[in-house]
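Q: I've got this one open on my screen and would like a close look at a single spot in it. Could you walk me through that spot and then work outwards?

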Amino acid sequence: MTSLFKSAAAFALFGACFALQAMAQPSANTSAHAHHGTNHKAGATVRSVLPFDEKTWVQLLAQGPRPSAYLFTTSYCSTCPAAFAVLHDAVQNRANPPPLNAVMMDVTGPQALRHASHLKGLSRMYAFDGFEPAIRQAVDPNWPNVTPYLVLVDSKGQTQRVIGPPSAEMLSRWLTTR
């Protein structure tokens with residue numbers, strides 16, 4: 001066998017092994033806008049990043065799980081994990097904790113997944129997919145593009161928005177609305 005042929009065969013074998021491993025691993029729901037089901041068990045790992053475009057927010061508000069929380073963050077936000085921890089602390093001992101979601105504004109794919117490890121209790125990871133100002137406008141026309149930006153959606157679909165960690169009063173209102 002020639003060296004070139006051996007290299008090509010090794011590359012093909014590696015690719016086949018990689019594909020089989022990917023198929024064998026359980027994956028999170030990866031449909032473009034699937035919003036039901038959660039992944040916030042202790043030790044659970046978010047394995048996919050869903051696209052978040054100009055239409056996603058309207059769909060989440062209309063059809064997404066309630067209650068739920070959304071942290072809009074960036075890869076360089078140093079205070080976002082602490083704000084997310086406040087959410088996690090508020091729901092971790094509940095019998096049926098609401099989904100805690102993160103929306104990465106500046107990175108996608110594997111880069112976004114790297115940040116999931118900083119968000120204990122994360123249910124689902126999204127990443128902006130499109131023109132960032134238009135996506136922010138769809139979420140909140142008054143959002144000043146500051147992170148951490150949190151939106152709490154209660155069981156009736158009403159929202160509370162805050163820059164930084166939510167107050168105890170906000171969390172109580174979010175979790176007790178019937």
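Let's start with phenylalanine 52: does it count as buried or exposed, and at what relative accessibility?

A: Phenylalanine 52 counts as buried, at 0% relative accessibility. Buried here means under 20% relative accessible area, exposed means over 50%, and partly exposed is whatever falls in between (1.4 Å probe, protein chains only).

Some ground rules before going on. This is a predicted model, in which local features need pLDDT of at least 70 and side-chain atom pairs count only at pLDDT 80 or more, while totals for chains, interfaces and linings use all residues. Residues are numbered from 1 along each chain as its sequence is written, and side-chain values use heavy atoms, with hydrogens and water left out.

Now for the rings. The structure holds 10 aromatic pairs. In one of them, the rings of phenylalanine 52 and phenylalanine 72 sit with their centres 5.7 Å apart and their planes at 85 degrees, so the pair is edge-to-face. That pair links distant parts of the chain: phenylalanine 52 belongs to strand E1 (residues 49-52) and phenylalanine 72 to strand E2 (residues 68-73), 20 residues apart. As for the cut-offs, rings of Phe, Tyr and Trp (its six-membered ring) pair if their centres lie within 6.5 Å; planes under 30 degrees apart are stacked, over 60 edge-to-face, and the rest tilted. Phenylalanine 72 is buried too, with a relative accessible area of 0%.

One aromatic cluster takes in Phe52, Trp57, Tyr70, Phe72, Tyr126, Phe128, Trp143 and Tyr149.

Side chains of opposite charge can pair when their charged atoms come close. A salt bridge here is a side-chain nitrogen of Lys or Arg within 4 Å of a carboxyl oxygen of Asp or Glu, and a search of the whole structure finds three.

Arginine 136 is buried at a relative accessible area of 15%, whereas glutamate 132 is partly exposed at 27%.

Another salt bridge joins arginine 161 to aspartate 140, with the closest N and O atoms 3.9 Å apart. Arginine 161 lies in strand E6 and aspartate 140 in the loop between H5 and E5, so this pair ties together parts that are 21 residues apart in sequence. Here arginine 161 is partly exposed, with a relative accessible area of 32%, and aspartate 140 is buried, with 12%.

Over in helix H6 (residues 168-176), glutamate 169 and arginine 173 are four residues apart, about one helical turn. Their salt bridge has its closest N and O atoms 3.0 Å apart. Glutamate 169 is exposed at 56% relative accessible area, and arginine 173 is partly exposed at 40%.

Next, the cysteines. There is one disulfide in the structure, where a disulfide is a pair of cysteine sulfur atoms within 2.5 Å. Cysteine 77 and cysteine 80 form it, with their sulfur atoms 2.1 Å apart. The torsion about their S-S bond is about 90 degrees, so the disulfide is right-handed. Both cysteine 77 and cysteine 80 are buried.

Finally, zoom out. The protein has six helices and six strands, with helices (H or I, at least four residues) and strands (E, at least two) being DSSP runs numbered from the N terminus. Their order from that end is α-β-α-β-α-β-α-β-α-β-β-α. Of its 178 residues, 39% count as buried. Taking a contact as heavy atoms within 4.5 Å, 61% of the contacts between residues at least 6 apart in sequence join residues at least 24 apart.
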